[in-house]
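Reader: I have a chain open on my screen. Please show me how to read it, feature by feature.

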Amino acid sequence: MGNDMNKESAFFGFWKTSEFDPDDSPWVHDCIDVNWKPADKNKLFKYIDSCPLVIVSGSIRTKCLLCDDELASSDFVSDGKWLWPKDLTHYMLKHFVRLPDKFIEHIRKMNYDYPREIDIDWRELPWPK
Ligand SMILES: [Zn+2]
C-alpha cells in the first residue's frame with residue numbers, strides 16, 4: 001500500500017466510546033450539527049447510502065449510541081478511499097451527524113458518483129487503529 005493512498009484515504013463513523021478509543025475517532029456527540037443543511041445534503045446522503053459494502057456481518061447488531069434502535073454496526077461501506085460503517089446513515093438521518101469537511105470535499109470532487117462495486121482487499125482500507 002503506497003503512501004499516497006494513506007494521505008487520501010480516511011474513515012468516519014467509528015465513534016469513540018468508553019471501551020473503544022481509536023486514533024482520530026470523535027465522540028458521536030461532537031459530530032452532531034442540527035444546523036448543517038448544505039444545498040447538496042441529499043446528494044451527500046445518497047452517496048453515503050449507496051457505496052458498496054466491503055464487509056457484511058449483519059448478524060451482529062448493537063444498539064445505537066443515541067437511541068434504542070438496533071443497528072447492523074459491523075457492516076462496512078467504502079468507495080475505495082474512505083471507509084465508514086453502514087449505520088452512519090442512521091446517525092445522519094436520525095441524529096443530525098455532520099460529515100467532516102474533508103469527506104464532503106472528497107464526495108463533491110467525485111461529483112457524487114459512487115462506485116457500484118469496488119475491487120479492493122478490505123485489509124487495505126484505512127481502518128482506525
Ligand atoms: Zn439512533
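Author: Begin with the order of elements. Along the sequence, the chain runs α-β-α-β-β-β-β-β-α-α. Here helices (H or I, at least four residues) and strands (E, at least two) are DSSP runs, numbered from the N terminus. The chain has four helices and six strands. The radius of gyration is 14 Å, close to the 14 Å that the globule rule gives for 129 residues, so the chain is as compact as a globular protein of that length. That radius is taken over C-alpha atoms, and the globule rule is 2.2 Å times the number of residues to the power 0.38.

Reader: What should I know about the model and the numbering?

Author: This is a predicted model: local features need pLDDT of at least 70, side-chain atom pairs count only at pLDDT 80 or more, and totals for chains, interfaces and linings use all residues. Residues are numbered from 1 along each chain as its sequence is written.

Reader: How do I read the sheet, and in what order do its strands stand?

Author: Strands of a sheet pair through backbone hydrogen bonds, either parallel or antiparallel. Two strands count as paired if DSSP finds at least two bridges between them. In this chain, four strands form an open sheet with mixed pairing, in the order β1-β6-β5-β2. The edges are β1 (10-11) and β2 (53-55); each has a single partner strand, so one side of each is left without a neighbour in the sheet.

Reader: How many bridges join β5 and β6?

Author: Three bridges, in the antiparallel sense, join β5 (residues 76-78) and β6 (residues 82-85). Look at F76: its bridge partner in β6 is P85.

Reader: Which residues touch the most other members of the largest nonpolar core?

Author: First, the terms. A residue is buried if 20 or more other C-beta atoms lie within 10 Å of its own, exposed if 12 or fewer, and partly exposed in between; C-beta atoms are placed from the backbone. A nonpolar core is a set of buried Ala, Val, Leu, Ile, Met, Phe, Trp, Tyr and Cys residues joined through C-beta atoms within 7 Å. The largest one has 18 residues, and F12, W84 and L88 touch the most other members. Two or more residues each come from α2 (41-50), β5, β6, α3 (88-95) and α4 (101-109). Across the chain, 22% of the 129 residues are buried.

Reader: How do I find the buried side of a helix such as α3?

Author: An α-helix has 3.6 residues a turn, so residues three or four places apart point the same way. In α3 the buried residues are L88, Y91 and M92. Down the axis of α3 they fall within an arc of 100°, so they line one face of the helix. The arc is that of the directions from the helix axis to the C-beta atoms. These buried residues pack against α2 and β6. Exposed L93 and K94 sit on the face turned away from the buried side.

Reader: What does L88 touch, leaving out residues up to four places away in sequence?

Author: L88 touches F12, G13 and I48. Contact means C-beta atoms, placed from the backbone, within 7 Å.

Reader: Is E19 buried or exposed?

Author: E19 has 5 C-beta neighbours inside 10 Å, so it counts as exposed. Find E19 in the loop between β1 and α2.

Reader: Which phi does N111 take?

Author: N111 has a positive phi of about 60°, although it is not a glycine. N111 lies in the segment after α4.

Terms used:
Two residues are in contact if their C-beta atoms, placed from the backbone, lie within 7 Å.
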